[in-house]
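Trainee: I have not worked with this model before. Could you take me through it?
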Amino acid sequence: DEEKGSGNQGMVNGLMSSVTKSTSALTSLVSGSEDGGARESGFVTFNKLSTTQAALQMVHHETPFEIQGFEAPPSHDVFWPNVGWTHKQLQVGKLVGLCLTVLLCLFWTIPMSFVASISDVEGLTEA
């Protein structure tokens with residue numbers, strides 16, 4: 001019985017030290033002293049595809065864009081500093097990206113296509 005008691009005591013001590021380490025790690029993460037910080041988003045995983053699809057199609061909050069559900073990309077594809085952006089920030093980012101793409105097409109692709117169409121390929125190879 002004495003051996004059982006010391007074994008249980010060792011297990012309890014190990015469990016308590018594990019909880020203490022986890023608590024201090026969580027406290028330092030939330031306070032910002034560690035790399036990272038609290039975000040207003042998260043990832044939820046489901047075991048069944050039907051549950052995943054049901055969660056994606058549900059209305060999660062009465063206010064539009066307050067809570068949105070998306071399928072999460074693989075963790076190696078996530079750019080972690082962007083996690084937690086608001087809906088407005090995402091929309092502005094998409095608009096800026098679209099505007100830059102249009103400008104690139106206007107000021108690079110179209111002029112280069114024009115130059116290529118009027119240039120003589122045979123004349124370029126002889127020089």
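The conversation below moves from the overall make-up to individual residues.

Mentor: Please keep in mind that this is a predicted model.

Trainee: Understood. How many helices and strands are in the protein chain?

Mentor: The protein chain has four helices and zero strands. Read from the N terminus on, its elements run α-α-α-α.

Trainee: And how much of the chain counts as buried?

Mentor: Of the 127 residues, 3% count as buried. The chain exposes about 11,400 Å², and carbon and sulfur atoms supply 62% of that area.

Trainee: Let us turn to H3. How far does H3 reach?

Mentor: Helix H3 covers residues 87–118. With 32 residues, H3 reaches 46 Å from its first C-alpha to its last, which is close to the 46 Å expected at 1.5 Å a residue.

Trainee: Where does H3 bend?

Mentor: The bend is at Cys105 and amounts to about 35°. Cys105 itself is partly exposed, because its relative accessible area is 36%, between the limits of 20% and 50%.

Trainee: What about Cys99, and how many disulfides are there?

Mentor: Cys99 also counts as partly exposed, at 41% relative accessibility. A disulfide is a covalent bond between the sulfur atoms of two cysteines. A search of the whole structure finds zero disulfides.

Trainee: Which residues form the nonpolar patch on the surface?

Mentor: The patch consists of Val92, Val96, Leu98, Leu100, Val102, Leu103, Leu106, Phe107 and Ile110. Together they have about 860 Å² of accessible area. One of these residues, Ile110, lies in H3.

Trainee: A change of topic: where is Ala72?

Mentor: Ala72 sits in the loop between helix H2 (49–57) and H3. Its relative accessible area is 48%, so Ala72 is partly exposed.

Trainee: What separates the C-alpha atoms of Ala72 and Gly42?

Mentor: Those two C-alpha atoms are separated by 9.7 Å, while Ala72 and Gly42 are 30 residues apart along the chain.

Note on methods: Residues are numbered from 1 along each chain as its sequence is written. This is a predicted model: local features need pLDDT of at least 70, side-chain atom pairs count only at pLDDT 80 or more; totals for chains, interfaces and linings use all residues. Side-chain values use heavy atoms; hydrogens and water are left out. Patches are made of residues with over 30% relative accessible area and no salt bridge: like charges are joined within 9 Å, nonpolar side chains (Val, Leu, Ile, Met, Phe, Trp, Tyr) within 5 Å. Accessible areas come from the Shrake-Rupley method with a 1.4 Å probe; for residues, only the protein chains shown count as cover. A salt bridge is a side-chain nitrogen of Lys or Arg within 4 Å of a carboxyl oxygen of Asp or Glu. Helices (H or I, at least four residues) and strands (E, at least two) are DSSP runs, numbered from the N terminus. The expected span of a helix is 1.5 Å times one less than its number of residues. The bend at a residue is the angle between axes fitted to the seven residues ending there and the seven starting there. Buried means under 20% relative accessible area, exposed over 50%, partly exposed in between (1.4 Å probe, protein chains only). A disulfide is a pair of cysteine sulfur atoms within 2.5 Å.
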